[in-house]
Amino acid sequence: MTKRQLSLGAFINLPGHHVASWRHPETEVRKVTDLAYLTEIAQVAERGKFDNLFFADVFGQPILENAHSGLKLDPVVIISALAAVTKNIGLTATLTTSYNEPFHVARKFAAIDHLSNGRAAWNVVTSANEREALLFGRDAHFQHAERYERADEFVDVVKKLWYSIDEEALVIDKESSHYYNLNKVTEIDHEGKFFKLKGTLDAPSTPQGHPVIVQAGSSEAGKELAAKTAEVIFTAWQTLEDAQAFYKDVKGRLAKYGRNPEDLKILPGAFIVVAATEEEAIAKHQQLNNYITPEVGLAYLSGFTGVDLSEYDFEGQIPDFNGQQIDGTNPNIRASIVKGIVEAKGLTTLRELYNNIAGARGHREIIGTPTQVADQLQEWFENEAADGFNIMAPTFPQGFNDIVELVIPELQRRGIFKTEYAGTTLRENLGLKRPVNPYIQQKAPQEVPL
């Protein structure tokens, strides 16, 4: 029996995950829109045998004078370009269900999956940033419950489109002038609460059957959507106990949708600062924190908690974030994470607080030697808290290079991370089964001309 191994994603947030990474002497901030720079990072990740490159996305971020904010390229375009300069690594881009149409999303990701020979994944989000609405002609954002209801229908329609022309539909027999097997074509006729469309996608099912579906979210609605539709879920937890509870909860919801626990990979975020000695790693982290200005720290914390802290004294007492709401209806999970960090670390000032979330943004923070980092990842992996991790580097390229050069070999030495890719598609490398087209199985055979 093959030993269970970690799945690792490389979470790419340029020029680094730390809020002050742009001020670090080693970061090359002006290159974040340079394809050669992006290629270098992707190829380093592939050399480290990461399963996946993960690009998050959000629109409408405020432009701050002294912060690298609101500046990024479209991740769908990025992964399209990186498909040509990588061979094995998966390519995940975020695309919101709140401000797109199913046909557009299905078409884009089908194209990338074909062109990458089966390495594409779609990260399904519902847009938590209310400012996004203003970019699309809306005075207000969708309410939380409506966002997830729309997302549920959206994913359903996208999957129907991906299945509409089965790969076996393409006969392409030149002698008989027979191009399609119409038994393998299913015209979609969908009319729901949010979407109405009729027709097919103009591309066949992809090398993976369909691109891998990724989802990020830990609310009740988010967990239910993940249990129904996701194959990978990205989440944030601070403690082993909380991660175990989430893991058990979400895996336990799969059965009612006819799914097995192994059909979903749970990958918490892990922000890693690593060095040869613990003292050196701590010093690296402190150096980054020293670059945070109070204005940026408070703005960052405000965006994270949903509470305007711009007029607060950064050396002042931490207010009570418990019970803060998103959209007036949904408990702010990030505020709960902040409260947990404050209590666990005994923090007393806002400066201490923003220093503690400036890199990890509520995800797990691991600072230490390769052995210390690997110990903590292995503990969660072997105790039903994670199937792997979405790795967050403090800076690019150097902070990421450190992880590849120091942590990956230690995980490989322990036999819990691969030394070679298992297959040619992202689905194969993640150990996910290939989906079966449900519409073809349901259709009665028709006479097909020969």
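Tutor: Let's start with F234, which counts as buried at 9% relative accessibility. Keep in mind that this is a predicted model, where local features need pLDDT of at least 70, side-chain atom pairs count only at pLDDT 80 or more, and totals for chains, interfaces and linings use all residues. Residues are numbered from 1 along each chain as its sequence is written, and side-chain values use heavy atoms, with hydrogens and water left out.

Student: What makes F11 buried?

Tutor: Buried means under 20% relative accessible area (exposed is over 50%, partly exposed in between, with a 1.4 Å probe and protein chains only). F11 has 4%, so F11 is buried.

Student: Why is the pair of F11 and F234 called edge-to-face?

Tutor: Rings of Phe, Tyr and Trp (its six-membered ring) pair if their centres lie within 6.5 Å; planes under 30 degrees apart are stacked, over 60 edge-to-face, the rest tilted. Here the centres are 5.2 Å apart and the planes sit at 85 degrees, so edge-to-face it is.

Student: And what makes the pair of F194 and F195 tilted?

Tutor: Their planes are 50 degrees apart, with 6.4 Å centre to centre.

Student: How do you know that α2 and α3 are roughly parallel?

Tutor: The axes of helix α2 (residues 75-82) and helix α3 (residues 102-115) cross at roughly 20 degrees and come within 9 Å. Angles under 35 degrees count as roughly parallel, over 145 as roughly antiparallel, 65 to 115 as roughly perpendicular and the rest as oblique. Therefore α2 and α3 are roughly parallel to each other.

Terms used
Axes are lines fitted to C-alpha atoms, for helices over the stretch in contact, and angles run from 0 to 180 degrees between N-to-C directions. Helices (H or I, at least four residues) and strands (E, at least two) are DSSP runs, numbered from the N terminus.
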